[in-house]
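These are my notebook entries on how some parts of one protein model are arranged. I began with a pair of helices and then turned to a sheet.

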Amino acid sequence: MTNKKVIIIGSGPAGITASIYLKRSGLEPYLIESNMPGGKLSFTYKIDNYPGFNSINGSDLAFKMMDQLAKNQIDIHYETVINVSKKNDKIIVKTSMDSYKVDAVIIASGMTEKKLNIKSEDKFLAKGISFCAICDGGFYKNQPMAIIGGGNSALEEALYLKELANPLYIIHRRNEFRGDKLILDQVKGSDKIKIMTPYIPIEFKGEEVLESLVLENVDNKEQVEIKVKGVFEYVGSVPNTAFVSDKKILNEQGFIEVNEKMMSKIPGIFAAGDVIKKDLRQVVTATNDGAIAAISVKNFLK
Ligand code: NAP
């Protein structure tokens, strides 16, 4: 068991901001990441609504944040968190590498993409089905591709994929889109994108790799089969909170409920970013949460 003052779980915008604020207030944050630093930001095509940048690639913004981590002499420790619990007055964070006894933890572990759970989806994962257009779009260059979903993620990644795909379908189960009007207008204005609504995917088909996708019209139940080499699923995400031992800090969907200080129902367990219950999930709200969580931790430890 290793003693630490504060552990931060997750190196997305919330975790990075919390680390920087803690370090600058004189505390040594121990920042843990199990995956790619930068969180979902690293896989986002473009950010057009983060103040200070008219438009910036998600990965470029993530690099700038990581650069700031380095300038503040904060290391990222690559470990997978297995359990977070509170025993007596201490928080115990168990990871793939060690167990840590800490005074406070900030959970900024973000979310993981949901699957569609339809026929043959597992068979074609990484053989045509992906959750990251920026990572995998290039594999299917000049070939037919499809994006599933009608939220901001689907629409934004469509603007990236339209340059690679021939053609690009956006398949959405309703005629109205959940994503912002500004992005939707750009999608609708592109002659490279074919919008198909209201359709739901019901089966993936192919031999070794993905070759087509069967869709069903929600209104009249008619089925169509479209040729696609790459399908990118953007049908929402689930919070990464399976490692939280005491489920009383979670809501029914698994998000962590926090007060205005970003503290959960368990004193010493704080949370920030996409993993908390909130209405607006943006880079700017994640950094906001991270800053508040850090200052609250500082005050809590006093
Ligand atoms: P989301 O907003 O939850 O959208 C998921 C989409 O997938 C919805 O259109 C939903 O349809 C559809 N869907 C869900 N389950 C489905 C199923 N089984 N079959 C077919 N379609 C299904 O998720 P997101 O786009 O990943 O965004 C998550 C959060 O991040 C949002 O708050 C979003 O605003 C934010 N975000 C912001 C930006 C930005 O502002 N720059 C960029 C990306 C994400 P229905 O609409 O019918 O429910």
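**Entry 1: a helix pair**

I looked up helix 1 (residues 13-24) and helix 2 (residues 58-71), whose axes come within 10 Å and cross at roughly 25°. Helices (H or I, at least four residues) and strands (E, at least two) are DSSP runs numbered from the N terminus; axes are lines fitted to C-alpha atoms, for helices over the stretch in contact, and angles run from 0 to 180 degrees between N-to-C directions. The angle therefore makes helix 1 roughly parallel to helix 2 (under 35 degrees; over 145 is roughly antiparallel, 65 to 115 roughly perpendicular, the rest oblique).

I noted that this is a predicted model, in which local features need pLDDT of at least 70 and side-chain atom pairs 80 or more, while totals for chains, interfaces and linings use all residues. Residues are numbered from 1 along each chain as its sequence is written, and side-chain values use heavy atoms, without hydrogens and water.

Which residues make the contact? I found Pro 13, Ile 16, Ser 19 and Ile 20 of helix 1 and Met 65, Met 66, Gln 68 and Leu 69 of helix 2 (contact means heavy atoms within 4.5 Å).

I then looked up an open sheet of three strands in the order 14-15-16, with antiparallel pairing (two strands pair if DSSP finds at least two bridges between them). Strand 14 (199-206) and strand 16 (223-227) are the edges; each has a single partner strand, so one side of each lacks a neighbour in the sheet. The twist averages 25° from one strand to the next.

I recorded five bridges between strand 15 (residues 210-217) and strand 16. Leu 213 has Ile 226 of strand 16 as its bridge partner.
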